[in-house]
Each structure stands twice: as structure tokens, then as C-alpha cells.
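Thanks for coming, everyone. Let me put the structure up, and then we'll go through the two ligand sites one after the other.

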Amino acid sequence: RGAVSSHELVKIYGNGPTAVRALDGVSVRFHAGEFTAIMGPSGSGKSTLLHCLAGLDRAGSGTVHIGPAELGSLNDTRLTRLRRDRIGFVFQSFNLLPALTAEENILLPMRLSGRELDRTWFATIVDMLGLRDRLRHKPSELSGGQQQRVACARALVGRPDVVFADEPTGNLDSRTGAGVLEFLRTSVRELGQTVVMVTHDPVAASYAGRVVLLADGRVAGEIFQPTPESVL
Ligand code: ADP
Ligand code: ADP
């Protein structure tokens, strides 16, 4: 259900002699229950790939499947609904709404989609992320690490099939970052989710079962890692 794949994905920015082939034929599969890191040098196309896989950006050619749905064949309304109901996003910038409390921010996706909240899961998330005594705070009253954990809780509260994370630990100290990664790993295990994370941090990548390497808009290799427990 939550498998994600691309076939011969091409994305070109600009045109003429200054055009940049950000993705130059990327075919890659991510399975349900798999935590994958995408790594590669700056400018290798990691963010572009994540945005195309997540339906935030449309590719020039090639296909992306999320479960049975091919993103290119969905109109904007259906694409928006798929993102809202099936996908969680964790970004380096937290995008929390400043007027809402932490709890209201976390519950916002559920409100918007009108789905019923699983209170047990909500409590599990809040406890794992250490947010129990921060739920009534506004984002401005939280540290950067706390804001990222709120954003993480918001991404996971609806039990999405697929989670896309773009440098989720980029703004965090190592202890807070480890908490977020530990949480993602638990979520993959508990919910059988597909988690795809872009990172340049080898420590963050060590939490993934597989690392896909990008170079110049192409898949340059992949590394399967032993179970994270044996690494750490
Ligand atoms: P990474 O995430 O690996 O650093 P990106 O996907 O951000 O790589 O970028 C891949 C290439 O596409 C780079 O050469 C970058 O300069 C270019 N690029 C990315 N976004 C845009 C854009 N909006 N307009 C023009 N070029 C872009
Ligand atoms: P965390 O406490 O979650 O590890 P950070 O790593 O982002 O948070 O921040 C490091 C420390 O700086 C935190 O322990 C926190 O006390 C303090 N801090 C950072 N930003 C803020 C803020 N906006 N308001 C209050 N304290 C902050």
C-alpha cells in the first residue's frame, strides 16, 4: 500500500544552455516497512527527488507511484488529497502555525482531513518525543529541538503510509536528533511505514536500513546496512 517507486524520472530546471538536469533518469523503489536514507553531494538532486516522490513538485518525464496511484495521472485535487491522507512530511524548517499551541499544531492534519484521532497513538507519539509538558506552549515558547519534535508528531499523528523527511535533524543538536531518528525508526517498525529521508549526516543515515546514493541526478549506488541495533 505504501510502496513508493519512480521510473526514469527526469526533472530539468530552466531551459536552453543554462538548463540544469536536476534528475537525469532516476528509477528507485522504496518498500513498505523500509527506512531509507538518500545521500549525495550538495546539488546531486536529493531535494528535487524527494519533492517529486512526494507530489510537491511535478517531474518533467518519468513516473512516480505511491501504492497503486501514479502521481502524474492525478489532478491537483486528488494529489492534494493523497498527500493529506497518506503522506507525512518532516522538513528542516518546521512550518508550525505560530498562533496555535503545540497540541493544536499536532492535531491540525486530523482536523483538516476530518479523520478520527487514535488517542493511544497520540499519547505514544507525545511521550516518545518528550512533548507531554509542552503541549500547551506556542511555537515561540519552544526551543528549536522541541519545535522539530512537534513537527515530527504532526507528520506521524495520522498514521500515514509514507513519511518523507528532508534533513529532519539539520537544525538539531545530536541528542535531540537521535530522539527524532529513534522515533522514526519505531514508527516504521510499529506501523510498517515507508520512510524516505534525505540527509547529509552519516549518523542520521546510520538509522536507515538502506542508503541510496545520488550523484549528478542519477542513482550512483546503494548500501544495505545491518540492523540499526547492531550499528549503535
Ligand atoms: P540537493 O538536494 O542534492 O542539494 P537539489 O535537488 O536541491 O540538490 O538540486 C539539484 C540541482 O538542481 C542543483 O544543480 C540545483 O542548483 C538545481 N536546482 C534545484 N532547484 C532549482 C530551482 N528551483 N531552479 C533552478 N535550479 C534548481
Ligand atoms: P532541545 O532542548 O530540544 O535540545 P535545542 O537543541 O533546539 O532544543 O536547543 C538547545 C537549548 O537551547 C535547549 O535546551 C533550550 O533550553 C534552549 N533554547 C533554544 N531555543 C530556545 C527558545 N526559543 N526558547 C527557549 N529556550 C531555547
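Which polar backbone atom is 2.8 Å from an oxygen atom of ligand 1? That atom belongs to Ser47.

Some ground rules before we go on. This is a predicted model, where local features need pLDDT of at least 70, side-chain atom pairs count only at pLDDT 80 or more, and totals for chains, interfaces and linings use all residues. Residues are numbered from 1 along each chain as its sequence is written, chains are lettered from A and ligands numbered from 1 in the order in which they are written, and side-chain values use heavy atoms, with hydrogens and water left out.

Back to ligand 1. On its own, ligand 1 exposes 550 Å², and the protein buries 57% of that. Those areas are Shrake-Rupley values with a 1.4 Å probe.

Now the shell, that is, residues with a heavy atom within 4 Å. For ligand 1 it includes Tyr13, Val20, Ala22 and Pro41, and also Lys46. Which elements each supply at least two of its residues? They are β2 (20–30) and α1 (46–53). These are DSSP runs, numbered from the N terminus: helices are H or I with at least four residues, strands E with at least two. The largest share, three residues, comes from α1. By class, the shell has four nonpolar, six polar and one charged. Gly counts as polar here, and Tyr as nonpolar.

On to ligand 2. Asp173 has a polar side-chain atom 2.4 Å from an oxygen atom of this ligand. Thr176 also brings in its side chain, where an N or O atom is 2.6 Å from a ligand oxygen. Taken alone, ligand 2 exposes 530 Å², of which the protein buries 46%.

What surrounds ligand 2? Among the residues there are Ser143, Gln146, Arg149 and Arg175. Two helices, α5 (144–156) and α6 (174–191), each supply at least two residues. The largest share is four residues, from α5. The classes here are one nonpolar, five polar and three charged.

That's both sites. Over to you.

Technical notes. Polar contact = N/O pair within 3.5 Å; in protein donor to acceptor, adjacent residues only side chain to side chain.
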